[in-house]
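Hi everyone, thanks for coming. Let me put the sequence and the structure up on the screen, and then we'll walk through a few parts together.

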Amino acid sequence: MAFEAGGSMDAEAREVRALEAEIAALQRRCQELPAPGEKPSGVRKSCQKLPQSDSEGWESSKDLRSHLGHLKSELSFLSTLTGFNIRNYSKKIEAVTNTEVTEEGTTKVLQRHRLSGNCNMVTFQLEFQVLEIQTKEKLSSAITDLNIIMEPTEYSELSEFACRAEERRDLLMFFQSLHFFVEWYEYRKHTFKHFKEKYPDTVHLPEGACSHCMEIHSTSRPGFELVVVWRIQINEEGKVSPKLDLLTKVPQRALVLDKNRVIETAPSSFQTLLGVLGIEAALDSLIKLLCVGNN
């Protein structure tokens, strides 16, 4: 599974927000359409107020609804591609009277954005400000404030990561890291589920299907147990990666009899196994080891 995201995520996120705004505008226009038999002149006049140039010249409600359906289809495709579902989006621009003119030919405009949505099981609300600076030569923009609210809150890694994204005002890092966090979360869930179904008497998930740890019990040796703890880490730069550790739970007498220190060195040996075989093959080998002991 890939860890890194390309710059396309930023463009996709912007396109999703733009499509949401356009759909909302078109839906408002559709509500203003006249009943059958009424003159459509008001509709054409209303459509001409839309900011999109391709809306000019629409002659009927059929054209408007067709365009709306096309935009919804594009938005659905982008949501499937990125994993993000944007439910609400609004944008406000400061009144012209509040626009700050710093020097001749240079204008600053503050935009206030608010959106809410989800990426799989994680819902979020974002509020951020974008300062646009227009000069004679170019138009530049920068995020000046970012507030993030995420649910559920039991994912401590996400809470810490959201605070870092707010401090850095890094909206791109937020979307990239959340996308890959959810991918690893789903992979962990499906992997644990697979081994639970394959070895129902040996594998136990104490927290259910969404458990972050997997217990491997020995049915022939009561008290002998291995626990695989699978965390999903997000580093300072927003890179997402899995972190698996092995814990041992064995009777004290077994430790005394373990002259070769197999139990003591099991956690480090498991890390070596992960590096050689990968996650799924390493877990399967670990479980089979106890199954052979059971037999």
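Let's start with glutamate 127, which is partly exposed, with a relative accessible area of 34%. For these words, buried means under 20% relative accessible area, exposed means over 50%, and partly exposed is in between, using a 1.4 Å probe and protein chains only. Before I go on, a word on what you're seeing: this is a predicted model, where local features need pLDDT of at least 70 and side-chain atom pairs count only at pLDDT 80 or more, while totals for chains, interfaces and linings use all residues. Residues are numbered from 1 along each chain as its sequence is written, and side-chain values use heavy atoms, with hydrogens and water left out.

So what does glutamate 127 pair with? It forms a salt bridge with arginine 114, and the closest N and O atoms are 3.1 Å apart. By salt bridge I mean a side-chain nitrogen of Lys or Arg within 4 Å of a carboxyl oxygen of Asp or Glu. Side chains of opposite charge can pair when their charged atoms come close. Arginine 114 sits in strand S3 and glutamate 127 in strand S4, so this pair ties together parts that are 13 residues apart in sequence. Arginine 114 is partly exposed too, at 48% relative accessibility.

Now those strands. Helices (H or I, at least four residues) and strands (E, at least two) are DSSP runs, numbered from the N terminus, and two strands pair if DSSP finds at least two bridges between them. S3 and S4 (residues 122-134) run antiparallel, joined by 13 bridges. One example is valine 109, whose bridge partner in S4 is glutamate 132. The S3–S4 hairpin has two residues between its strands, and asparagine 120 there takes a positive phi near 60°. S3 (residues 106-119) is also joined to S1 (residues 84-93), by nine bridges, and those two run antiparallel. Across that pairing, lysine 91 stands opposite histidine 113.

Back to charges: how many salt bridges does a search of the whole structure find? The count is 11. Another one joins arginine 164 to glutamate 236, with the closest N and O atoms 3.9 Å apart. That pair links distant parts of the chain, 72 residues apart: arginine 164 is in helix H4 (residues 156-168), and glutamate 236 is in the loop between strands S8 (225-234) and S9 (240-249). Arginine 164 is buried, at 13% relative accessible area, whereas glutamate 236 is partly exposed at 47%.

Next, helix H7, residues 266-277. Which of its residues are buried? Those are Ala266, Phe270 and Leu274. Just after H7, glycine 278 takes a positive phi of about 95°.

Last stop, the inside. A nonpolar core here is a set of buried Ala, Val, Leu, Ile, Met, Phe, Trp, Tyr and Cys residues joined through side-chain atoms within 4.5 Å. The largest one has 52 residues, and Phe124, Phe174, Leu178 and Met214 touch the most other members. Helix H5 (residues 171-198) gives this core its largest share, 12 residues.
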